[in-house]
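Hi,

Here is the structure I said I would pass on.

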Amino acid sequence: MTEEPSDLDLAVARVEHELAGLFARIRVSWREAAVTVHPDLQPLGYQVLTSIATGKATSAGAIIERLQTDKSAVSRQVRQLEELGLVESVRDPDDRRARVLVATDLAQERVAAARARYEERLGERLRVWSADDLDHFADLLAALGG
């Protein structure tokens, strides 16, 4: 005899289903944003570029850690970003022996355009919620990610 799933089991399954759908939509957004920056750019390349452009990761090691991906994938993406004129490797002003990755002005402009479109769409969906609901949602997301 099979046991019926509990209400909690059903709720967990629903959350997993909704998260899977959300992640799929996020991947589509990354793909669209990548094409906005350059038609040949892949979603991972867009993530690498935004990490560099925002200053959250300016070395290959930092990008690997931030995106939780492998070194060869990051190396390929950085090389393509350099070939597309979106990223440059420059001497680190704090350590003249090291190099850091910086986004070019062209990259900053295109990332800003892609981010504006994404933020507008997300904002349209979130602005129908109350500030209390948004705060609660952010708390739940933080707890899930923590």
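**What I found**

One thing before you start: this is a predicted model.

I began with contacts. Taking pairs at least 6 apart in sequence, 43% of the contacts in the chain link residues at least 24 apart.

Then the fold. There are six helices and two strands in the chain, and going along the sequence they come in the order α-α-α-α-β-β-α-α.

How does the chain's radius of gyration sit against that of a compact globule of 146 residues? The globule would come in near 15 Å, while the chain has 19 Å. The C-alpha trace goes with that: along the principal axes of the chain, the spans are about 65 × 35 × 30 Å.

Buried residues make up 23% of the 146 in the chain.

For the charges, I get 19 positive side chains and 25 negative ones. The centres of those two sets are 9 Å apart.

Last, the annotation. UniProt, in an unreviewed entry, puts a "domain: HTH marR-type" feature at residues 12-146. In the model, that stretch is 70% helix and 7% strand, and its end C-alpha atoms lie 17 Å from each other.

That's the lot from my side.

Cheers

How values were computed:
Residues numbered from 1 in each chain as written. Predicted model: local features only at pLDDT ≥ 70, side-chain atom pairs only at ≥ 80, totals over all residues. Heavy atoms only, no water. Helix = DSSP H or I, 4+ residues; strand = E, 2+ residues; numbered from the N terminus. Rg over C-alpha atoms; globule rule 2.2 N^0.38 Å. Buried < 20%, exposed > 50% of the residue type's maximum accessible area, 1.4 Å probe, protein only. Contact = heavy atoms within 4.5 Å. Lys, Arg positive; Asp, Glu negative; His and termini not counted. Charge placed at Lys NZ, Arg CZ, Asp CG, Glu CD. UniProt positions renumbered as here; feature names shortened; annotations may be inferred.
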